[in-house]
Amino acid sequence: MAHFAIGHVLQRRDGMYAVRSTEFPACEGRDVAMWTAREQFRQALSEHVRHMIQQGELPSLYVSLEEAESILGEHCRIQIPDPERRPKTYDYAVIVEVDLPAEDAERFAAIRIGKLLPETRL
C-alpha cells in the first residue's frame with residue numbers, strides 16, 4: 001500500500017532547489033536539479049516516517065493518491081518561509097510517495113486505527 005506526503009519545491013538565491021514539507025520540517029532535499037532535490041527529500045522523509053512509526057508516533061500521511069490530490073490545492077497556496085528564496089519565485093506543491101517496508105506500513109495502519117478508535121489498545 002502506498003503512502004504519500006506533500007512537499008514544497010522552492011528555488012533559492014544560490015540556484016539550488018529545496019524540497020521541504022510543512023508537516024515534516026526536519027526533512028529536506030537540496031540540489032541544483034529539482035528532481036534530485038525531490039528524491040533526496042523523499043529519502044529523508046521515508047527515513048523520518050519509518051523512525052516515527054517505530055517510536056509509535058502517527059505521521060501525517062495520506063493513504064491514497066486521491067486523498068493527497070484532494071488536499072494539493074490547499075498546499076499550493078502555502079509558501080514556506082525562507083530568507084534565501086530567490087526573489088519573485090514561489091513554492092509549488094508536489095505529491096511525494098513515502099517508501100515504507102511492509103512491516104512499517106502494517107504498524108502505521110495499526111497506529112492509525114488505534115487513533116481513530118481510541119477505545120482499542122495496541
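1. Buried means under 20% relative accessible area, with a 1.4 Å probe and protein chains only.

2. A word on where this comes from: the model is predicted, local features need pLDDT of at least 70, side-chain atom pairs count only at pLDDT 80 or more, and totals for chains, interfaces and linings use all residues. Residues are numbered from 1 along each chain as its sequence is written, and side-chain values use heavy atoms, leaving out hydrogens and water.

3. Start with the largest nonpolar core, which has 21 residues. Those with the most contacts inside it are F24, L45, V49, L61, V98 and L100. Two or more residues each come from β1 (3-11), α1 (34-54), β4 (92-98) and α3 (102-116); helices (H or I, at least four residues) and strands (E, at least two) are DSSP runs, numbered from the N terminus. The top contributor is α1, with seven residues.

4. Now look for a second, separate core of seven residues, with I6, A68, I71 and I95 among them.

5. Next, find H75 in helix α2 (residues 65-76). H75 has a relative accessible area of 6%, so it counts as buried. Beyond its neighbours within four places in sequence, H75 is in contact (heavy atoms within 4.5 Å) with I6, H8, T22, E23, Y62 and A93.

6. Which side chain does a polar contact of 3.4 Å join to that of H75? The partner is H8, and a polar contact of 3.5 Å joins the side chains of H75 and E23. A polar contact is a pair of N or O atoms within 3.5 Å; within protein, one must be able to donate a hydrogen and the other to accept it, and residues adjacent in sequence count only if both atoms are side-chain atoms.

Note on methods: Buried means under 20% relative accessible area, exposed over 50%, partly exposed in between (1.4 Å probe, protein chains only). A nonpolar core is a set of buried Ala, Val, Leu, Ile, Met, Phe, Trp, Tyr and Cys residues joined through side-chain atoms within 4.5 Å.
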